[in-house]
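This report goes through a protein model together with its ligand.

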Amino acid sequence: MSEHQGIALRNPVIPGFHPDPSVCRVGDDYYLVCSSFEYFPGIPVFHSRDLVHWTQLGNALDRPSQLRLPRELLSSAGIYAPTLRHHDGRFWLVVTNVAGGGNMLFTATDAAGPWSDPIPLPGVPGIDPDLAWDEDGTCWCTIAGVRQARIDPVTGETFGEPRRIWSGTPGAKAPEAPHLYRIGDHWYLLIAEGGTERGHGVAIARGPSPSGPFEPCPHNPVVTHRGTEHPIQNTGHADLVQAPDGSWWMVLLGVRPRGGTPGWHVLGRETFLVPVEWADGWPVVGEVPSELPTPSWPLVPAPVEPVRDDFELGELRPQWISPRDRSPDHCTTKDRSGWLTLRARGASLDEPDAVFVGRRQQHLTCEARTRVDTGQGRGGLAVRLDEEHHYEIEATEGEVQVLARAGTLRTVLASRTVPSGPVVLGVRFSPAPDLGPRTGPDIVAFGVEEPDGSFAELGSLDGRYLSTEVAGGFTGRVIGMYAAAGTVHFDWFDYTPQGS
Ligand code: 6LW
């Protein structure tokens with residue numbers, strides 16, 4: 001394992017469901033955003049000083065006037081593929097809300113926010129919008145397809161109809177995720193193609209102007225793991241950034257399938273980093289490494305995230321997300337000081353407006369626990385992929401049950417009486433036993449904490465039914481707290497990584 005100053009440099013640099021990364025640099029600071037789909041708040045914003053260690057600053061879309069996600073919205077719809085750029089002293093974010101609004105721009109003087117209300121871009125229909133400014137300050141918006149229009153980013157006005165500027169590699173499907181760069185004497189157009197599954201790849205072309213004509217790189221795709229046994233798969237949807245020392249780097253999404261055939265990924269599409277060399281005016285990238293090369297600059301490790309969130313802050317930390325919306329009516333830390341209070345609104349986890357507050361699972365081996373006081377209500381600890389794929393341990397006064405839903409299949413796996421009053425619920429993720437080709441990605445075990453602090457397992461499930469290969473979609477597992485009936489109070493939540 002490559003180390004630098006005693007620090008292991010490993011991919012993914014942002015584990016857990018953080019797909020479609022877009023990065024920019026301002027001086028010695030890097031900023032990165034990702035898609036967030038049906039979750040509110042939306043678009044996590046990260047900061048780094050070394051491209052390897054990232055800290056979440058907040059979420060760009062953190063108020064209803066910026067992000068409306070209707071309750072009939074399907075999971076994995078909503079906020080797709082943002083692009084983050086810095087120009088003329090301001091940050092610019094362009095993104096698609098496929099649940100309504102289409103493409104829209106946001107701007108801020110500080111990446112940590114506050115970000116503006118949306119500036120609609122009605123004249124640029126499509127997904128994966130990109131922003132680039134040419135030498136005379138003209139702003140070009142490029143979208144999947146690959147099509148492009150000139151826009152005014154302040155007003156959202158579009159000049160003329162978007163026109164196709166490249167179609168990607170002949171025969172390759174879905175030319176998307178375009179990003180345009182002026183590098184040296186050329187304009188470069190970077191795209192993803194092949195679709196975001198195992199056939200994903202990155203291609204590039206260059207031309208004399210922001211709108212081409214574009215000549216494809218002779219060795220496209222410049223990045224792909226398709227057709228390999230590499231432990232990182234689905235590599236694609238990339239963005240380029242140049243470091244202060246002149247070196248070039250690429251962030252992109254990838255997945256880490258586990259288990260037998262076909263391999264199941266449970267953490268969603270994660271953010272990876274890979275160095276980029278140049279030869280004859282073309283990028284040379286190669287495979288995305290599990291272990292990162294040592295960069296030439298000092299590493300600046302991110303602050304270690306505390307295991308426990310005891311909800312003493314008042315405001316919920318930015319890692320906490322909820323499907324579609326989160327209002328003080330049903331989610332507050334003001335009712336009982338140092339507790340998170342969730343008020344059910346008549347919806348179970350099977351429904352879009354479930355009252356659920358969770359954080360991305362970021363480690364294949366880890367454990368989560370929460371201390372819950374249900375009173376006369378009903379709620380607990382859940383692992384959610386979407387409304388049709390979730391496992392949970394649910395408490396009511398004096399009883400806990402382990403429940404599971406996978407598609408149309410539902411089961412009550414176990415139940416047990418517990419003393420009345422608050423109870424500590426837990427979930428553990430551990431490698432699955434080796435069954436050869438039939439091996440699953442992990443085992444998901446639920447239990448309660450005994451008075452002596454030990455974990456009394458009540459039931460365990462095969463983790464493959466909470467994988468994207470089974471459930472589909474664009475997100476990844478989110479572990480959190482929920483209220484299915486009445487008012488449920490949570491004293492603290494522990495997330496303990498136990499492996500990569
Ligand atoms: C994203 C697009 C894609 O907008 O999936 O499969 C969408 N390709 O690039 C969501 O990640």
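A polar contact is a pair of N or O atoms within 3.5 Å; within protein, one must be able to donate a hydrogen and the other to accept it, and residues adjacent in sequence count only if both atoms are side-chain atoms. The model is predicted, with pLDDT of at least 70 needed for local features and 80 or more for side-chain atom pairs, while totals for chains, interfaces and linings use all residues. Residues are numbered from 1 along each chain as its sequence is written, and side-chain values use heavy atoms, with hydrogens and water left out.

## The ligand site

A residue is near a molecule if one of its heavy atoms lies within 4 Å of it. D20, F37, Y80, A81, I127, D128, E176, T196, H237, R269 and F474 surround the ligand. This shell holds five nonpolar, two polar and four charged residues; Ala, Val, Leu, Ile, Met, Phe, Trp, Tyr, Cys and Pro count as nonpolar, Asp, Glu, Lys and Arg as charged, and the others, Gly among them, as polar. The table gives distances from polar side-chain atoms to the ligand.

| Residue | Ligand atom | Distance |
|---|---|---|
| D128 | oxygen | 2.5 Å |
| E176 | nitrogen | 2.7 Å |
| R269 | oxygen | 2.8 Å |

On its own the ligand has 300 Å² of accessible area, and the protein covers 94% of this. Accessible areas come from the Shrake-Rupley method with a 1.4 Å probe.

D128 also has a backbone feature: its phi is near 65°, a positive value in a residue other than glycine. Most residues other than glycine have a negative phi, and most peptide bonds are trans. D128 sits in the loop between β11 and β12.

## Two open sheets

Strands (E, at least two residues) are DSSP runs, numbered from the N terminus. Two strands pair if DSSP finds at least two bridges between them.

In β10, G102 stands opposite N97.

Six bridges link β21 with β22 (residues 248–255) in the antiparallel sense. V241 has W249 of β22 as its bridge partner.

## Aromatic rings

Rings of Phe, Tyr and Trp (its six-membered ring) pair if their centres lie within 6.5 Å; planes under 30 degrees apart count as stacked, over 60 as edge-to-face and the rest as tilted. The count by this rule is 13 aromatic pairs. One of them is the tilted pair W92 and W133, with 6.1 Å centre to centre and 55° between the planes. W92 belongs to β9 (residues 90–97) and W133 to β12 (residues 130–133), so the pair ties together parts that are 41 residues apart in sequence.

## Cis peptide bonds

Where is the cis peptide bond that involves P12? The bond joins N11 and P12, with omega about -5°, and P12 is in the loop between β2 (7–8) and β3 (22–26). F40 and P41 are also joined by a cis peptide bond, with omega about -5°. P41 lies in the loop between β5 (39–40) and β6 (42–48).

Terms used:
Helices (H or I, at least four residues) and strands (E, at least two) are DSSP runs, numbered from the N terminus.
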